[in-house]
Amino acid sequence: MSDWPKVRLHVVTGKGGTGKSTVASALALALATRGRNVLLCEVEGRQGIARMFDVDPLPYAERRLTTGLPEGDGGRGVVHALHIDAESALLEYLSMYYRLGRAGKALDRFGVIEFATTIAPGVRDVLLTGKVYEAVQRNSRNKSAIEYDAVVLDAPPTGRITQFLNVSNELAGLAKVGPIKSQSDTMMTLFRSARTAVHLVTVLEEMPVQETADGIAELRSARLPVGGVVVNQVRPRDLSQADLAAARAGTLDRTGIERDLAAGGIAVGPELVDGLLAEAADHAERRALEDSQRDLVARLDAPSYELPRLAGGIDLGGLYELAGHLREQGMA
């Protein structure tokens, strides 16, 4: 059973370096089961999805990317991808609401579109999120486009996520009336509803965990729905708590270590054992730090999920592995 059965829009954010794009991609794969269609979107212009799945750079158009996890008799679903850029979104917006057609493209050649989206970041965010909103709101009456069971947004970092989603507030000083103001107000109805969840990605380090806590507070202050906290890149536990405590205290059995090394055919010397004991102490300190940060995550009043650090790095096989972990823990 999924922890988020009513959610159609999964927004994934996190401090830079925590792996939010990896988590967003894995979540899309995990959601694409039993024949369901999932759209994975990005808005930061980095073409991260294309690199993640080792495909050509994505255009401003929805493309079939891959299939999701197999599950039961329902078969795999399909993951589609969309790279959203503000300039293309504005051209589409002008064509839809103002019927500019070729005139809109002429504005693009003159650099007017880049100028407009640069001086008014709130407008830029409305355009980016507007395309996501349209994909979420589709239904079976729209025969010309795919109806998605879920949309996953690889969103801007935690420090900007509230401003990015709170488009109505950002436009307050720019547009009091008109179609773009109406559109932003309509989108806020979705973003603040139970159909949306903002998931935050962190690692077990002080700054990312603190930024996650701050991000959750800001989201709740803006009445935006907080989803789960994904603790990424978790190291395997190879030592017991007793051994970790002994390593920190410098009381590991040196004689036993020397005996085990010799039994493995390794030439044992004082420098080797000293080095191993120092590494064990560093590892134990790191573990203690991680445990303290895990305790802080547990106090954030949000469901938490853990993904392992993959020794071989992230490729498509690794994404499927992470997707399996998310399914097992109930995130999808």
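**Residues and a pocket**

Mentor: In this predicted model, Asp54 is exposed, with a relative accessible area of 72%.

Trainee: Where is Asp54 found?

Mentor: Asp54 is found in the loop between α2 and β3, the latter covering residues 63–67. Its phi is near 55 degrees, a positive value in a residue other than glycine.

Trainee: And what is phi of Gln233?

Mentor: Phi of Gln233 is near 60 degrees, again positive in a residue other than glycine. Gln233 lies in strand β7, residues 226–234.

Trainee: Why does Gln233 count as partly exposed?

Mentor: Gln233 counts as partly exposed because its relative accessibility is 27%, and that class runs between 20% and 50%.

Trainee: Let us move to helix α2. Is Arg51 buried or exposed?

Mentor: Arg51 is exposed, at a relative accessible area of 55%. The residue sits in helix α2, which spans residues 48–53.

Trainee: What lies 2.5 Å from a polar atom of its side chain?

Mentor: That is the backbone oxygen of Arg46.

Trainee: Now the pocket. How many residues line the largest pocket?

Mentor: The largest pocket has 18 lining residues. Those nearest its centre are Ser2, Pro5, Arg36, Arg327 and Ala332. The space in this pocket is about 320 Å³.

Trainee: How does the lining divide into nonpolar, polar and charged residues?

Mentor: The lining has 8 nonpolar, 3 polar and 7 charged residues.

Note on methods: Residues numbered from 1 in each chain as written. Predicted model: local features only at pLDDT ≥ 70, side-chain atom pairs only at ≥ 80, totals over all residues. Heavy atoms only, no water. 1 Å grid on protein atoms, 1.4 Å probe; cavity = no way out; pocket = protein on both sides within 12 Å on 5 of 7 lines; lining within 4 Å. Points joined across faces, edges and corners; volume = space filled by probe spheres on them. Nonpolar A, V, L, I, M, F, W, Y, C, P; charged D, E, K, R; others polar. Helix = DSSP H or I, 4+ residues; strand = E, 2+ residues; numbered from the N terminus. Buried < 20%, exposed > 50% of the residue type's maximum accessible area, 1.4 Å probe, protein only. Polar contact = N/O pair within 3.5 Å; in protein donor to acceptor, adjacent residues only side chain to side chain.
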